[in-house]
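Please open the structure in your viewer and keep the sequence panel beside it.

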Amino acid sequence: MADDLRINVDELRRRMDSGEDVLFIDTRNPQAWESSSQKLPEAVRIPNDALEQHLSEIPRNKPVVTYCT
């Protein structure tokens with residue numbers, strides 16, 4: 001994966017603090033998601049193995065941050 005497609009937590013925080021609207025996608029598998037007490041309330045849940053099927057649903061007008069455990 002190209003480095004310019006990755007950002008660290010500090011960069012994400014800086015962008016969010018400056019008002020940038022970011023879409024979070026939680027890519028954890030259903031078992032990991034269900035067993036976790038850590039969930040971002042506004043995150044969209046799309047398991048990693050289903051991302052390709054949902055590409056048309058992901059907005060192209062804002063940054064997207066995917067995360068998993």
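Predicted model: local features only at pLDDT ≥ 70, side-chain atom pairs only at ≥ 80, totals over all residues.

Residues are numbered from 1 along each chain as its sequence is written, and side-chain values use heavy atoms, with hydrogens and water left out.

**Whole chain.** Begin with a cartoon of the protein, which shows two helices and three strands in the sequence pattern α-β-α-β-β; helices (H or I, at least four residues) and strands (E, at least two) are DSSP runs, numbered from the N terminus. The C-alpha trace spans about 35 × 30 × 25 Å along its principal axes. Of the 69 residues, 22% are buried, where buried means under 20% relative accessible area, exposed over 50% and partly exposed in between, with a 1.4 Å probe and protein chains only. Among contacts with a separation of 6 or more, 50% join residues 24 or more positions apart, a contact being heavy atoms within 4.5 Å.

**Start and end of α1.** Select asparagine 8 next, which caps the N-terminal end of helix α1 (residues 9-17), with a side-chain oxygen 3.1 Å from the backbone nitrogen of aspartate 10.

**The cores.** Select Leu23, Ile25, Ile46, Ala50, Leu51 and Ile58, the six residues of the largest nonpolar core; such a core is a set of buried Ala, Val, Leu, Ile, Met, Phe, Trp, Tyr and Cys residues joined through side-chain atoms within 4.5 Å. A second, separate core has five residues, including Leu12, Phe24, Ala43 and Val65. In soluble globular proteins, nonpolar side chains tend to be buried together. Now centre on isoleucine 25, which, leaving aside neighbours within four places in sequence, is in contact with Val44, Ile46, Leu51, Ile58, Val64, Val65, Thr66 and Tyr67.

**Valine 64.** Is valine 64 buried, partly exposed or exposed? Valine 64 is partly exposed, with a relative accessible area of 34%. Not counting residues up to four places away in sequence, valine 64 touches Leu23, Ile25, Ile58 and Pro59. To finish, draw a distance from the C-alpha atom of valine 64 to that of glutamine 53, eleven residues away along the chain, and the separation is 16 Å.

Conventions. Polar contact = N/O pair within 3.5 Å; in protein donor to acceptor, adjacent residues only side chain to side chain.
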